[in-house]
Structures are given as C-alpha cells and as structure tokens.
Amino acid sequence: MPKENSSYRWFVVVVFFFFMLLHQTDKLMIGSLQVQISDDFQLNNKQWGLINSGALIVATVLYPIWGYLYDRFSRSKLLSLASFIWGSTTWLNAVVRSFGGFLVTRASTGIDDSSYPGLYTLVADYFGPTLRGKIYGILQLAQPLGYLMGMILALMVAPMIGGAALIFFFVREMPRGKAEPEFENMAEMQTFKFSWAEAKEIFKKKTMWFVFLQGFAGVFPWNVITYFFFAYLERERGYDAEGILFTMAPVILILAAGYFVGGAAGDFAFKRTNKGRILVSSAGVLLGALFLFLAVNSPIEAKNQFFVFMCLTAIFMPLSSANVVATVYDVTVPEVRSTAQASEYFVENAGAAFAPILTGFIADAYDLKTAILLICTAAWLLCFFFYLGALFTIDKDSGDLRAQMAERAKAM
C-alpha cells in the first residue's frame, strides 16, 4: 500500500472512531435514564421495553437496504448521509413531550443504526485480514466508552451534524478488495461490482449460518444489560447514583479494553489457524456467562464480590465482537461484504429487537434479576454451541475465499 494511504488510513480510523463514539453515546445513554424517563411518562417495564424495541425493529428492517446500497454506491457518502439522519432524528426525540411522540421519534433513531456495515467494509479495504480484528477492536471501544459518556453527558446534536460533513469531505472511498493479500503491491486493480450471484453465495457458506445463529442469540444479553441494568442496580441492589457511577465506570472501562484484546487475540490466533477467531469468541461467551451468573447471584450486601465478578464479566463479554465482523470478511468476497454484514445484523436484530420487550415481561412477572440472568446466560450458552459448529466449517469457507481471490489476481 502506498505510503500516503498507510498514514491516511489511520486518519480514517480516527474519524470513524469519533463518529461511533458520539453515535453510541446517543444510542446508549437512554439506558442510564430509564428511571427518570419511566417516572416522567409513568411507564412500566413492558412499555419501557417497547420504546427500546421500536428503534431496534426499524434498524432491522433497514439493514438489507443499507447493505445493498453500500455495496452499490460510495460508502463514505452514504455514511455522511447516515450521520446527518442521526443528528436530525435525535433532535426530534429530544424535543417531544408526549409518550406517543417519544415512542415514534425514538423508533426513528433506528434509521441510522443500520449504517455500520458500510463503515466496517470500508475499513476492510484499508486493512488486510491479519489486522482487521485489532482495528475493529479499536473502533468498538467506542461502544462501552459511549455507554460511559451517556452516564455523564447531556445530549449533543451539533457534533453529529459536523461529523456528517467531516466524513463527506475527508473520507475517501477505497476499491473493494484493495487490502486483500492477493492484491498487495498491485498499482491497478479491477473494480469489483455488486453481483446478485455473489450475494446468493453468502447464504451457501455454512460458516455464515453459524454466524447468523450466534448473532440471533448473542445480542440479547447486550440489549438486556444496556436498557435494564441501571434500573436493576438502583431498584434491586439499592445503589444510588454515585454508587452506580463508581461501580459501572471501571466495569465499562474494562469492557472497552476487552474489545481490543478480543480483536488482537483473534488476529494472533488467526495467523496460526483459520479457527483462531472462533476459538477466542467461544471462550469469551462461555466465561462471560459464568461470571455474570456469579455476579448477579452475589448477596446484595457483598458489593465488593459483585464488583469483582462484574469486572471479570466485562473482560470476556466483548471478546467475540470484533472477531465476528472479521470472520464475515474471512469468508465473503469484497463486493458483497456490506450485504453479508447487513444480513448478519438483520438476523441479530430480528431477535434482539424483542429482547427489551421479553425482558420487560419477565421483569414484571418476576424481577429484573431473573430476567437478566435467564436471558443472558441462556443466550451466551447457545452462542457457545453455535461457535463449536463454526469450527467445523471455517477452514473450507476461508480456503474457498482465498482461492477465489488468487484466481482474480491471476486474471489481472
């Protein structure tokens, strides 16, 4: 890769990191405001779950559309459009004063939530397969840091609009597949265009089916924790605002580190075996489920014990995140990767969209502890078994992609 691009690609990472940081702050800060919003609108857990499921359902419906558009047109320009939409819908959500208006405008914020496939695939064309896990880990640091910022910052709209302009004018499009090892040092390369035939091949790869299955189950815990954990700490464990901050801030910082550690560990293992990313991911979900179970079952008065187990949960929870994204690109051709990623997110959200509603029903019938424990541990154990299945398919699917890329390189 030319020297100019070598430095410029890190500029792109920085721009996308801050885009994701502000986006995640806006998206996730509602979780820390559950008690206040519920009191203002007199909401029960079911209604609270409905508000959060609305945005997830909208995002789910739009994932295939965004994925197709990203594979057909300029990803950088579409990302700037998504950023503009995000700022606009967030402003509307902030100014409404009725429950109905809040429900509708909150749902509209899901329009831009399905924009990440274009971001990730554009980054994939700047960085090769052995670096992608670490880069995605760096970018996904924005998720827990945004969660933390959402605890302490007021809603900001102006930086979102500025982000749209920054991406539009300064982030350049890259040829799809540019960073694949088979095309390294090529001055010119063929332009790969979206193909329905290649899009259909996504669903013929067995590894992708296991990725879809783990995605369906794996996002349940994240949505449960995001939208209900603060209320659980306050209402059922008796934490005040200061106690929540001093408990969750270190946990979230550890969680943030886990994204990069997971991506780096996945890259390290991937260099030695195609199964590497899957092995790291399976260890993460299994140990995450174990330590969350121990944390939630800690006695109310044992705050230090609860804190230690939550810190251990935070280490392992995010290990699979960057590796799942990288695995999708390890088995799919460049011109349909946005579609592949969007399809994976569609399946994820198809299940996760109903996680807040399901949690609300269980919490109203029993309590938040039961809802969190039941959904999170069951979902992560399912993910563990789905990852085991992927261990038997990843070698063939990854090998098929590398052979296909080699054939294309020879034909140039």
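Helices (H or I, at least four residues) are DSSP runs, numbered from the N terminus. The structure shown is a predicted model, in which local features need pLDDT of at least 70 and side-chain atom pairs count only at pLDDT 80 or more, while totals for chains, interfaces and linings use all residues. Residues are numbered from 1 along each chain as its sequence is written, and side-chain values use heavy atoms, with hydrogens and water left out.

**View 1. A negative surface patch that includes aspartate 39.** Asp39, Asp40, Glu234, Asp240 and Glu242 form this patch, for which residues need over 30% relative accessible area and no salt bridge, like charges being joined within 9 Å and nonpolar side chains (Val, Leu, Ile, Met, Phe, Trp, Tyr) within 5 Å. A salt bridge here is a side-chain nitrogen of Lys or Arg within 4 Å of a carboxyl oxygen of Asp or Glu. Aspartate 39 belongs to helix α2 (residues 34–41) and counts as partly exposed because its relative accessibility is 45%; buried means under 20% relative accessible area, exposed over 50%, and partly exposed in between (1.4 Å probe, protein chains only).

**View 2. A nonpolar surface patch with residues from helix α18.** Leu286, Leu381, Phe385 and Leu388 together have about 350 Å² of accessible area (Shrake-Rupley method, 1.4 Å probe). Helix α18 (residues 368–390) supplies the largest share of the patch, three residues, and phenylalanine 385, which lies in helix α18, counts as exposed because its relative accessibility is 55%.

View 3. Leucine 56 counts as buried because its relative accessible area is 7%. Leaving aside residues up to four places away in sequence, leucine 56 touches Asn223, Tyr227, Asn349, Ala352, Ala353 and Pro356, a contact being heavy atoms within 4.5 Å.

Methods: Lys, Arg positive; Asp, Glu negative; His and termini not counted. Charge placed at Lys NZ, Arg CZ, Asp CG, Glu CD. Helix = DSSP H or I, 4+ residues; strand = E, 2+ residues; numbered from the N terminus.
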